[in-house]
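Please open the model in a viewer and display side chains as heavy atoms.

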Amino acid sequence: MVIGTRVLTIRSPDADISVPVRLCAPEYADGHWICRYTIDWPGEPRDSFGAGVDALQALHLTMQKIGIDLYVSEAHKAGTLMWDKPGDGYGFPIPKNGRDLLIGMDKVFEG
């Protein structure tokens, strides 16, 4: 069950491309909790999940995993990925060891 969606944008000279990020509710599976997510990259959607010992940890770690996926993407590296404003970040937390990647408001709030 999808509990939240954020639509990012890849800017291009021809047309902007929507990149929905969908986060699912935590679910109990085989002795641990997982949270599934999809980043609907054009041409190659990414389905993955994060896991934790309880539902809240799974949710938190999954949001960090989404943040890392966004920051290591080709669209981020090219400077074409945006959420609210160009260069302002994507609104997802990332682990401490990746905070040097942060830009814009992500850097203000997470850095």
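Select Y37 first: this residue stands opposite S48 in β5. The model is predicted, so local features need pLDDT of at least 70 and side-chain atom pairs count only at pLDDT 80 or more, while totals for chains, interfaces and linings use all residues. Residues are numbered from 1 along each chain as its sequence is written, and side-chain values use heavy atoms, with hydrogens and water left out.

Next, display β4 (32-39) together with β5 (residues 46-52), which pair in the antiparallel sense over 7 bridges. Strands are DSSP runs of E with at least two residues, helices runs of H or I with at least four, numbered from the N terminus; two strands pair if DSSP finds at least two bridges between them. The two strands form a hairpin with 6 residues between them, and G43 in the turn has a positive phi of about 85 degrees.

Now centre on S48. Is this residue buried or exposed? S48 is buried, with a relative accessible area of 14% (buried is under 20%, exposed over 50%, partly exposed in between; 1.4 Å probe, protein chains only). Beyond its neighbours within four places in sequence, S48 is in contact (heavy atoms within 4.5 Å) with C35, R36, Y37 and K65.

Finally, select I39. Leaving aside neighbours within four places in sequence, I39 is in contact with V19, P20, V21, P45, R46, I66, D69 and L70.
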